[in-house]
Amino acid sequence: NLKPIAHMVLGMNEGNHPLKLWRFGNITKMICDKLNIPFGTWSAKLVVRTTRGQLMYKSFHTHGRKSITSTADDPKRRIVNQRLILKRHLKFKMGDCILMCKGHVHKLIICGPEPDLYLTDDGDKIRHHHTMDDVSQTDTYIHPDHRTYVCTGSFLKLYGDNVSGYAEIAEYDPIELGFAVARIRNRKLVGVDAVYLD
């Protein structure tokens with residue numbers, strides 16, 4: 001299935017499902033070798049450069065293992081709780097990545113940075129600024145509050161016709177099916193969009 005687009009695949013990480021087939025070898029690595037694409041192991045860092053080799057940004061990608069759930073009754077609080085859990089799972093993994101992603105929980109969650117207002121003065125005038133105004137995406141350390149965190153989504157339905165999948169058997173709640181698209185403009189990550197499937 002991936003052969004026609006293999007030239008566009010930047011890499012593939014290991015996941016818990018093929019990991020269960022360890023007796024037959026490393027299935028994910030075998031697929032990567034057949035398609036001639038990089039094997040990222042469980043976690044990988046992607047370093048994005050211009051055609052001249054200039055660093056644009058770095059991103060961290062892991063399959064992940066921890067769950068992201070919230071029992072809050074209010075939907076708004078549940079969404080915010082899940083975003084903060086995602087951020088907590090990823091923020092200490094790499095300090096120089098503007099984009100940090102995980103899979104595993106099949107949910108499409110995007111936790112972007114929230115700019116804070118602050119004031120300065122030059123001895124004459126007070127000026128306002130926002131914490132996101134001058135963030136460098138190529139620094140050796142990017143503050144965790146300035147990064148974007150993504151749980152990459154899923155294409156797997158909860159219920160199928162005449163079949164009970166593992167999500168149904170595990171009593172998972174329904175999720176929105178979809179994936180995330182990173183918007184890169186002028187060599188910088190400017191946002192991540194959720195694309196939902198019907």
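Which strands are included in what covers the buried residues of α3? The legends below take up this question first, using a predicted model.

**View 1. Helix α3 and its cover.** Strands β2 (55-62), β3 (99-102), β4 (108-111) and β7 (148-154) are included in what covers the buried residues of α3. Those buried residues are Gln 82, Ile 85, Leu 86, Lys 87, His 89 and Leu 90. The helix runs over residues 75-90, and its 16 residues reach 23 Å from first C-alpha to last, close to the 22 Å expected.

**View 2. The N-terminal end of α3.** Have a look at Asp 74, which caps this end of the helix. One of its side-chain oxygens lies 2.9 Å from the backbone nitrogen of Lys 76.

**View 3. The largest pocket.** This pocket has a volume of about 1700 Å³. Its lining draws two or more residues from each of α1 (16-19), β1 (43-49), β2, β3, β7 and β8 (178-185), with β8 giving the largest share, 6 residues. Of the 43 lining residues, Gly 11, Met 12, Asn 13, His 61 and Thr 152 lie nearest the centre. The lining divides into 23 nonpolar, 17 polar and 3 charged residues.

**View 4. The second largest pocket.** Here we meet α3 again: this helix supplies the largest share of the lining, 5 residues. At least two residues each come from α1, α3, β4, α4 (166-169) and β9 (188-196). The pocket has a volume of about 1100 Å³ and is lined by 35 residues, with Gln 82, Lys 107, Asp 173, Pro 174 and Ile 175 nearest its centre. By type, the lining holds 18 nonpolar, 9 polar and 8 charged residues.

Terms used. Residues numbered from 1 in each chain as written. Predicted model: local features only at pLDDT ≥ 70, side-chain atom pairs only at ≥ 80, totals over all residues. Heavy atoms only, no water. Helix = DSSP H or I, 4+ residues; strand = E, 2+ residues; numbered from the N terminus. Expected span 1.5 Å × (residues − 1). Buried < 20%, exposed > 50% of the residue type's maximum accessible area, 1.4 Å probe, protein only. Contact = heavy atoms within 4.5 Å. Polar contact = N/O pair within 3.5 Å; in protein donor to acceptor, adjacent residues only side chain to side chain. 1 Å grid on protein atoms, 1.4 Å probe; cavity = no way out; pocket = protein on both sides within 12 Å on 5 of 7 lines; lining within 4 Å. Points joined across faces, edges and corners; volume = space filled by probe spheres on them. Nonpolar A, V, L, I, M, F, W, Y, C, P; charged D, E, K, R; others polar.
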